Amino acid sequence: MPNELKPHSMSSRERTRDRYFPNVTLRTHQNKKVRFYDDLLKDKIVTINFMYSKCEGVCPGITANLLKVQKLLGARMGRDIFMYSITLKPEQDTPKVLKQYAKMHAAGPGWFFLTGEPADIELLRRKLGFTDPDPELDKDKSSHIGNVRYGNEALQLWAACPGLADARWIAESISWVDWPKKSG
Amino acid sequence: MPGVSKNRQREIERAFELRRQLSSAGLTKRELLKMGLMAGGIATLPIKGAFAKALRPPVLFGGGPSSPPTRSFIEPMPRFTVKQPVASLNPAPTVAPNTAAGEGRKLSHQVLTQFPPQKFYSVSQQQAQVSMSPDLPMQTIWGFDGLLPGPLYIAKYGEPILVRNFNNLPPQNQNGGFGLPSVSTHLHNGHTPSESDGGPCFFFERGQFYDQHYPNVLAGFASTHPPNGDINESLSSLWYHDHRVDFTSQNLYKGLAGMYNLFNNFDNGDETNGAGFRLPSGEFDVNIMLNDKVFDPNTGLLFFDIFNLDGILGDKFLANGKIQPFFQVHPRRYRFRIVDGGPSRFYQMFLTDLNNLSAHNLFWQISVDGNLLPKPVQVESFRMGVAQRADIIIDFSAFAGRSIYFENRLEQQDGRGPTGNVLAAGQGNLIIRFDVVLPPVQDNSANPAAIAKFYDLPSTAATPRITRTFRFERTNGQWAINGRFMSCTQDPNRPPGNFVPRFKVQQNSVEHWILQNNSGGWEHPIHIHFEEFQILSINGQPPANSPLVLTGRSDVVRLEHNTQVELFFRFRDFLGSHPLHCHNVVHEDHAMMLLWEIAIQGDNNTQP
């Protein structure tokens, strides 16, 4: 082969991790330090969206919608299904601010609001594809991407839906990336 | 080759290809000049070392990688494998879903007894290893019967068939990084009852099968044109592909697609039969599936950008599963049935003579979306969005002993759609090289210039029962139709497999649909299942046939930005739900889709 291609020593799961999931350190709304891959993604079913606490556009609707999703997921929330809402304005959204936000929206166990170093947040935003191809729109935080990614890290199943989609439908979508049923 | 030696031809090709790759690597004309690459020297440089690196920028579209270099036109374009029927299926197909035997269907067949299958097929969706280029490692794909592209069905009007479709895909955690082993196979364009159409919500799981009944019957058989339907609604070139809600882009990119040619007594597959249209047939009737893909620059393995929301563009162009193949032809007429197999790219295809860039190489377009036009139209190019088909006739006798290229000259830089620029000859993507090197042979096909008529266009004079308006929108990156999103919500008051539709169309009625796209810069190929439409107007003007053929019967409309199109529909014969959606499969997977239903009683929702 003329291309100097390296035989793939990494598994596809490792390649996906390598490409998309930088293991940056973030802080939860409970002011706990977490690593993005090691602590938040590995072996878990997750949803990921971006927001900020003072957002008056699309965020309140999405947060209210995700609250319904959380209720539909029931006891699995915090056990093997987790929801992550990452702030786009880490300078303003300190863990304390996010804690208030979580409390105001009655977010339950397994739902983490995350902040961190601005450069790390921006890296995550780009790696996870929450970007607009129009550079002007991409800079405007009020027009930020309102989709919710859902996925199962271990099974390498990833998709996304609009954050304002019907909550029951979002919960059903998450079931597609669920672990295989034991029987059948 | 007279005039131009083979070596010289290769040098010319390579020069064009390298220049294209370098400019797509973001190098400006000035930088190229500085490197001395705008002159002639480029042709002889090997694709190695520093050059390979220059061709391998770290970032291409939307953060994805760009592919390692591959050589062009060193492998022949494969023909589709023709699917062969089986004598019988065991257990025998049943009207009601055979759940006990492992069938994933939820709804009963509407017309299985009225149109008893005369042929049975068994197809298996499974993982396989294929080569897309000798410069890349073997690729793991998911294919129908493990083939890329999937097999070609040869079907006939009046000959109903039943396809038993098995999901033998590997377990979830063996998907190689993308793809969901849960599938629904859509026969794109078919006048097929809803339960066999392969809509987004009718997916079935690993280990299950799904019986799909294709009556191969003309629209109007139970309504406007009993008992055989309207001959002017004949379909010719169809394709089939995965349509699994939210995962279509991944499964399609993995290879789950094939084609389906549908013949009748006129378009009869026999160019010697004077009772028909005498279109090039047999060896001279060639299906082509176009795809663009990206390969990991380090491993050379197929790469899919799982977090893309805009549309995925490849930097490698494949025809029938091979990167930039050549195709040897006789100096005579050929029919090509071409499908834009996606995932997101728009094409405008030209015939390019690299030794005479100023030549306008004309050919004949005979279909839009695989449906024969009233008569052939002589064109210099045709345009396609994802899932669109075009049948064309090329007469290679004028190019005997020479090579001519199928070139996409439509500039597109990201998922938003084409820039609007049509590039100069040789500046686009050379996809197939036709080598007119085979000996002269008999050509019994009709000269397209002498074909006065295929079919009439069905009348669009009927008054619509209702006119509905659909806005294709994007807010905060969320794709929507009339501000709402796709879901497959089971109707709690009906048996499983009945989903809540956004609106109900009255069976055997006429409707006008207005599609609007006010979003800045985005173009959407909008597909409506089940019935063909005709474009009544584009921004208030009737569609023209120049420079692009826009009249005819279609099932995908390219909805350019700041554009409004009005479509004529007649919904006939069957009941059941179907989708309307953007066929940029990335937009489709992110909810730019809705379900509508043909019902006994329609509703009056003008903005559903």
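Two strands pair if DSSP finds at least two bridges between them, and strands here are DSSP runs of E, at least two residues long, while helices are runs of H or I of at least four, all numbered from the N terminus. This is a predicted model, where local features need pLDDT of at least 70, side-chain atom pairs count only at pLDDT 80 or more, and totals for chains, interfaces and linings use all residues. Residues are numbered from 1 along each chain as its sequence is written, and chains are lettered from A and ligands numbered from 1 in the order in which they are written.

**Exercise 1.** Find the residue in β33(B) that stands opposite Ser509(B).

*Solution.* Start with the strands: β29 (residues 509–517) and β33 (residues 563–571) of chain B run antiparallel, joined by 9 bridges. Now look across from Ser509(B), and you land on Phe571(B).

**Exercise 2.** Work out which strands stand at the edges of the sheet in chain B.

*Solution.* Write down the order first: β27-β26-β29-β33-β31, an open sheet of 5 strands with mixed pairing. β27 (478–481) and β31 (534–538) each have a single partner strand, so one side of each lacks a neighbour in the sheet.

**Exercise 3.** Describe how α3(A) and α7(A) pack.

*Solution.* Take the geometry first: the axes of α3 (residues 59–73) and α7(A) are 8 Å apart, at an angle of about 50° (axes are lines fitted to C-alpha atoms over the stretch in contact, and angles run from 0 to 180 degrees between N-to-C directions).
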